[in-house]
Amino acid sequence: MARFEGVYVAIVTPFTNDYEVDYKRLTELCDWLIQEGVDGLVPSGSLGEYATMTGEERAKVIHTVIAAAKGRVPVVVGSAAPSTRQAVEWVQFSKDAGAAGVMALPPINYKPLENEVFAHYEALNTVGLPIIAYNNPHDYKIDLTPDILARLAKFENIVAVKEFSGDVRRMQDILAQTDLEVMVGVDDLVMEGGLIGATGWISGVPNALPKEGVELFSLARAGKLAEAQALYRRLLPLFHYDASPQLVQSIKYMMELADFPVGPTRPPRLPLSEEYYAGIKKAFDYAVGAASGR
């Protein structure tokens with residue numbers, strides 16, 4: 001059995017209208033997602049707007065999510081930080097707080113050399129908490145190729161990879177060349193990933209539609225192609241927004257449409273155009289129609 005199996009939601013951070021973290025709403029969000037059947041929670045990631053937070057806010061968000069989970073599902077904390085030392089401190093903080101693991105990017109401020117990537121993960125490995133390496137070559141300047149991941153997998157605590165390259169063939173190569181668990185990292189490849197052997201999905205849109213996300217990934221993993229395809233095609237227009245740089249505004253708007261508002265995004269992320277929101281609403285209405293049978 002995989003250590004990080006099923007649908008892990010990269011949760012948004014609710015804010016009040018004056019951009020303060022709404023910890024009460026965050027607790028409610030965690031509870032709702034768990035009740036809807038998700039398998040894990042991932043706070044303090046890019047979708048959670050961690051980069052806009054003070055250290056104190058980020059720490060309180062992590063504690064709030066772990067407390068809200070109450071051991072019902074694992075919590076995996078995003079540990080990204082500008083320096084290796086800071087990232088190690090967040091991994092240690094997460095371990096002390098009771099997290100089940102961390103989702104760890106490579107160095108994020110520039111294009112690192114391979115030896116710098118290995119040194120970074122080696123330092124994170126020393127903390128002793130399970131690590132999901134996060135490959136996102138679109139937003140950062142390093143691609144964790146299967147060859148690199150095979151070497152990283154030799155570190156005892158690196159057990160999985162969140163794969164965000166956008167190429168389904170990459171998941172196949174990782175599964176063939178490493179013993180890492182593969183977690184789908186972008187919503188619009190979730191069916192393909194589940195069908196070919198990905199055991200987990202770190203998801204975005206299921207912040208708004210958790211039950212549908214859990215159903216889809218379960219169908220894909222079970223190889224029920226016809227049923228999975230029928231649901232996936234209805235969800236796919238919505239899932240494409242997860243692959244956009246505007247994913248945070250998009251998913252928070254989806255949550256409004258799902259009657260679970262979580263407030264605005266923090267600047268520099270600003271509200272999107274009416275036209276953009278209209279496209280999201282059209283896709284959302286289409287997706288909800290799949291679940292209701294309309």
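## Cavities

Two cavities of 30 Å³ or more are counted. A cavity here is a set of points on a 1 Å grid over the protein atoms alone where a 1.4 Å probe fits but cannot get out; lining residues have an atom within 4 Å of a point. Grid points are joined across faces, edges and corners, and a volume is the space filled by probe spheres set on the points. The model is predicted: local features need pLDDT of at least 70, side-chain atom pairs count only at pLDDT 80 or more, and totals for chains, interfaces and linings use all residues. Residues are numbered from 1 along each chain as its sequence is written, and side-chain values use heavy atoms, without hydrogens and water.

The largest cavity holds about 70 Å³ of space. Its lining includes Ser44, Tyr50, Met103 and Tyr134. Six lining residues are nonpolar, five polar and none charged. In this scheme Ala, Val, Leu, Ile, Met, Phe, Trp, Tyr, Cys and Pro are nonpolar, Asp, Glu, Lys and Arg are charged, and the others, Gly among them, are polar.

The second largest cavity holds about 40 Å³. Among its lining residues are Ala87, Ile108, His120 and Leu124.

## Pockets

A pocket is an open set of points with protein on both sides within 12 Å along at least five of seven lines. The largest pocket has a volume of about 580 Å³. Its lining has 33 residues, and Ser46, Leu47, Asp139, Leu247 and Arg269 are the closest to its centre. Two elements, β8 (200-203) and α10 (247-257), each give two or more residues to this lining. Helices (H or I, at least four residues) and strands (E, at least two) are DSSP runs, numbered from the N terminus. The lining divides into 16 nonpolar, 10 polar and seven charged residues.

The second largest pocket has a volume of about 150 Å³. Helix α10 gives the largest share of its lining, four residues. Lys252, Glu256, Pro264 and Tyr277 are among the lining residues. Five are nonpolar, three polar and two charged.

## Helix pair α3 and α4

The axes of α3 (residues 84-97) and α4 (residues 114-125) come within 9 Å and cross at roughly 30 degrees. Axes are lines fitted to C-alpha atoms, for helices over the stretch in contact, and angles run from 0 to 180 degrees between N-to-C directions. The two helices are therefore roughly parallel (under 35 degrees; over 145 is roughly antiparallel, 65 to 115 roughly perpendicular, the rest oblique).

## Asp173

Asp173 sits in helix α6 (residues 168-177). Its relative accessible area is 34%, so Asp173 is partly exposed (between buried, under 20%, and exposed, over 50%, with a 1.4 Å probe and protein chains only). Its C-alpha atom is 6.4 Å from that of Pro146, 27 residues away along the chain.
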